[in-house]
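I've kept them as numbered points.

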Amino acid sequence: KDMKKNINKTIEGVNPDFIIIDSPQMLGILNKKDLEKQNIVLCQHNIEHETLRNIANGIKNPIKKIIYYIVAKQLELYERKSYKKNRFALVTFVSISDKKYFEDKYKYTNTFLVPVGAYITDEINNNGKDVVFVAKMSYPPNEEAAIWYLENVWDNVYKENHSTKFYIVGKDPSENIKQLAKEHKNVIVTGTVESLKEYYDMAKIVVAPIFTGGGVNVKLLEALGNGKLVITTPKGIEGTDFEKNVQVLVCESTEEFICECNKILKDYDNYKDIVSNALNKMRNEYSWEKVVGKLEQELIKIKEQNDEE
């Protein structure tokens with residue numbers, strides 16, 4: 001209530017070209033008269049209810065699973081009501097697949113893709129020798145990914161590469177992750193770190209074995225922007241237009257994941273073209289300058305159309 005009061009007090013008397021709302025859950029913050037204006041831009045990071053439902057599918061705890069399903073349904077009903085009740089100047093998405101899902105389900109045509117931008121390195125550091133996984137560990141799909149790699153892949157990689165370490169980097173690692181790490185050799189769980197660059201510099205490979213969740217894997221973009229070779233799953237590139245084995249290595253089985261990790265650690269030079277392809281795509285499409293520039297031009301076009309009307 002305090003947030004709603006403060007925001008509406010700030011907007012009062014102001015006539016902005018656009019009001020940008022970050023996620024559909026924030027629609028309830030604005031007064032009805034502001035929502036009725038034709039200058040609302042709604043930013044959809046994910047199709048929230050689909051993301052929660054997807055996470056629920058991977059949760060083993062039955063109580064948590066039920067809770068996720070219930071909240072997913074609540075969100076779906078809330079979103080459906082919001083999209084029927086309000087019309088927006090623009091609805092933006094970070095994911096290609098989420099954009100299409102929204103257009104098909106809610107019959108919106110005024111949508112726009114705004115990919116997540118990333119820092120793009122000027123230099124490729126090939127001196128790393130380790131395997132790195134970077135993620136916020138309290139997010140269930142990330143914990144699931146780290147556990148899967150530890151239990152199914154790492155020992156087979158370590159067996160052939162005894163000098164290689166596996167770093168699990170990210171805030172809020174669970175006790176389960178910490179305990180599992182102790183049961184395997186050369187595994188380091190860092191928790192929160194001041195800078196990720198140090199760990200990207202250590203990496204020969206960045207792994208992202210994602211199986212559930214939604215939207216776009218931001219850490220995938222971050223790793224590619226740092227000039228790292230990334231191995232992921234089909235889910236890991238979902239919502240993007242990265243091509244399998246052109247800019248990112250995509251593995252569809254445990255055996256394939258193990259094989260690729262070992263091959264890279266033994267002969268990285270064979271994969272330099274993939275790293276170069278990824279960096280070129282990141283510079284051309286995913287730098288913040290490119291991303292923000294495209295959004296700015298779209299907003300200018302909408303404003304000019306509104307002014308003519």
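1. Cysteines first. The disulfide count comes to zero, and keep in mind that this is a predicted model. A disulfide is a covalent bond between the sulfur atoms of two cysteines. The cut-off used here is a pair of cysteine sulfur atoms within 2.5 Å. Take Cys261: the closest cysteine sulfur to its own is in Cys251, 7.1 Å away, so that is too far for a bond.

2. Is Cys261 buried or exposed? Cys261 counts as buried, because its relative accessibility is 0%. Cys43 is buried as well, with a relative accessible area of 16%; the cut-off for buried is under 20%.

3. Next, have a look at helix α7, which spans residues 175–182. Ile177, Leu180 and Ala181 are buried there. These three sit on the same side of α7, because they cover an arc of only 100° around the axis. On the face turned away from that buried side you'll find the exposed residues Glu175 and Lys182.

4. What covers the buried residues of α7? The cover includes α6 (140–160), along with the strands β6 (166–169) and β7 (187–191). If you're colouring the model by element, show these together with α7 to see how the buried side is covered.

5. Most residues other than glycine have a negative phi. Asp172 isn't a glycine, yet its phi is positive, near 60°. Look for Asp172 in the loop between β6 and α7. Asp172 is partly exposed, at 41% relative accessible area.

6. Asn245 lies in the loop that runs between β9 (230–232) and β10 (249–250). Its relative accessible area is 37%, so Asn245 counts as partly exposed.

7. Last, the surface. Ile63, Ile67 and Val71 make a nonpolar patch of about 260 Å². Val71 belongs to helix α4, residues 62–85.

Key. Residues numbered from 1 in each chain as written. Predicted model: local features only at pLDDT ≥ 70, side-chain atom pairs only at ≥ 80, totals over all residues. Heavy atoms only, no water. Patch = residues over 30% accessible without salt bridge, like charges linked within 9 Å, V, L, I, M, F, W, Y side chains within 5 Å. Areas by Shrake-Rupley, 256 points an atom, 1.4 Å probe, with all protein chains shown as cover. Salt bridge = Lys/Arg side-chain N within 4 Å of Asp/Glu carboxyl O. Helix = DSSP H or I, 4+ residues; strand = E, 2+ residues; numbered from the N terminus. Buried < 20%, exposed > 50% of the residue type's maximum accessible area, 1.4 Å probe, protein only. Arc of directions from axis to C-beta. Contact = heavy atoms within 4.5 Å.
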